[in-house]
Amino acid sequence: VSKYFSNIPKQRKTMKKSVKYLVLSLLVMICFLGKAIAKDTVIVYTALENDEIVKYLALAKKELPGLDIKAIRLSTGELGARMLAERSNPQVDVVWGWAVTNMAGFVDRGMLEPYKPKNWDKIPANFKDPQGYWTAIDLYAAAFVINDRVLARKKLPKPMGWTDLLHSTYKDKLIMPNPASSGTGFLQIASLLVMMDADYKNKPIEQNKAWDFLKKLDKNMGQYIKSGSKPAKLTAAGEYAIGCSFAFVYTSLKKKGFPVSMVLPSEGVGFELEANALAKGAKHKKAAKKFLDWAISKSAMKEYGKFKLGVTYPGIAGPKGLPAIETVNLAPMDFPWQSKNREKILEVWSNLFLR
């Protein structure tokens, strides 16, 4: 008995050591598991439409399991305003799917950093900045979304182009995006400034002939609205006869069974490039670069191609229900001029039409 009790302290000591080793082993395992489970955060600001973002992010999360992608959707104008407000302390790592005419101004402000993502060389030269400040992923095009039921009920003619919208029967039956907040709205105005005045480069913005046309169009306009997709959606709901919007939203509404049709303006279809960029001062630069690599990958581009009239990765077709891009009469967009004069264009438009 005395021998048994004399061994108890030794047994306790052995047990303590075993427990200590067990605890240490568990802590090591937790650390390794924590590292395995932990994801790298990346903050993404995007002006892509919500319908698209849901699909794109589902693919991104599948193909980038090590990233915690926090995407914040903002309208074109809101995205720029937020970046400017955060300029002294940037919160964004990546800008994804933002209008090039907006993006170029932020290159000039020194708020973007050059980065050429993996497979950057596969993107044609006219769809990327030569220094790598931005890389375009797609183009989206202006379109009229028509509510056929409203047109039939009110016995309205179907417009084929912009000039048809001046007909007095359309008074208060049109809706259009505000170009100050909507990229779609800006491309519509910018395309008209180029198409309607052959001398647009050699005169002050306020003297462009397109403003006379827009003043006449304003008489029929029921509302200017912040979003580029809302004119189509409100038209589909029967609140307006014609929504000046963009092509992708039409296909989405048609699939949902709304009584809509689409018209690509006969004078020329205004379009915009949507691009990605690395924000200067990004707090999660390594993760940002991984995301940007993925965002121009072939698999990502195929997903974009389900929504956009065209993507920048060669050989990928656009969505069913939209015409092939090579068959579309695209307007002669002048992106450098439109970007350089963006603020003045918006100032003139706001002074004339904001109510």
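This report walks through the salt bridges and the cavities of the structure. Keep in mind that the model is predicted.

**Salt bridges**

There are 13 salt bridges in the structure. Here are three of them, with the distance between their N and O atoms.

| Pair | N to O distance |
|---|---|
| E78 and K226 | 3.0 Å |
| K285 and E113 | 2.9 Å |
| E347 and K344 | 3.3 Å |

Let's start with E78 and K226, which form a salt bridge. E78 sits in helix 4 (residues 76-85), while K226 is in the loop between strand 7 (221-225) and helix 9 (230-236), so this pair ties together parts that are 148 residues apart in sequence. How accessible are the two? E78 is partly exposed, at 33% relative accessibility. K226 is partly exposed too, with a relative accessible area of 47%.

Next come K285 and E113, whose side chains meet in a salt bridge.

E347 and K344 are a local pair by contrast. Both lie in helix 14 (residues 342-353), three residues apart, so about one helical turn separates them. E347 is partly exposed, its relative accessible area being 41%, and K344, at 31%, is partly exposed as well.

Salt bridges can share partners, too: that is how E52, E274 and K308 end up joined in one network.

**Cavities**

How many cavities of 30 Å³ or more does a search of the whole structure find? It turns up two.

Strand 10 (residues 271-279) gives the largest share of the lining, three residues. By class, the lining of the largest cavity holds eight nonpolar residues, three polar ones and one charged one.

The second largest cavity contains about 30 Å³ of space. E49, D51, S229, K233, F248, V249 and S252 line this one. Here helix 10 (residues 247-255) supplies the largest share, three residues. The lining of the second largest cavity splits into two nonpolar, two polar and three charged residues.

Notes: Residues numbered from 1 in each chain as written. Predicted model: local features only at pLDDT ≥ 70, side-chain atom pairs only at ≥ 80, totals over all residues. Heavy atoms only, no water. Salt bridge = Lys/Arg side-chain N within 4 Å of Asp/Glu carboxyl O. Helix = DSSP H or I, 4+ residues; strand = E, 2+ residues; numbered from the N terminus. Buried < 20%, exposed > 50% of the residue type's maximum accessible area, 1.4 Å probe, protein only. 1 Å grid on protein atoms, 1.4 Å probe; cavity = no way out; pocket = protein on both sides within 12 Å on 5 of 7 lines; lining within 4 Å. Points joined across faces, edges and corners; volume = space filled by probe spheres on them. Nonpolar A, V, L, I, M, F, W, Y, C, P; charged D, E, K, R; others polar.
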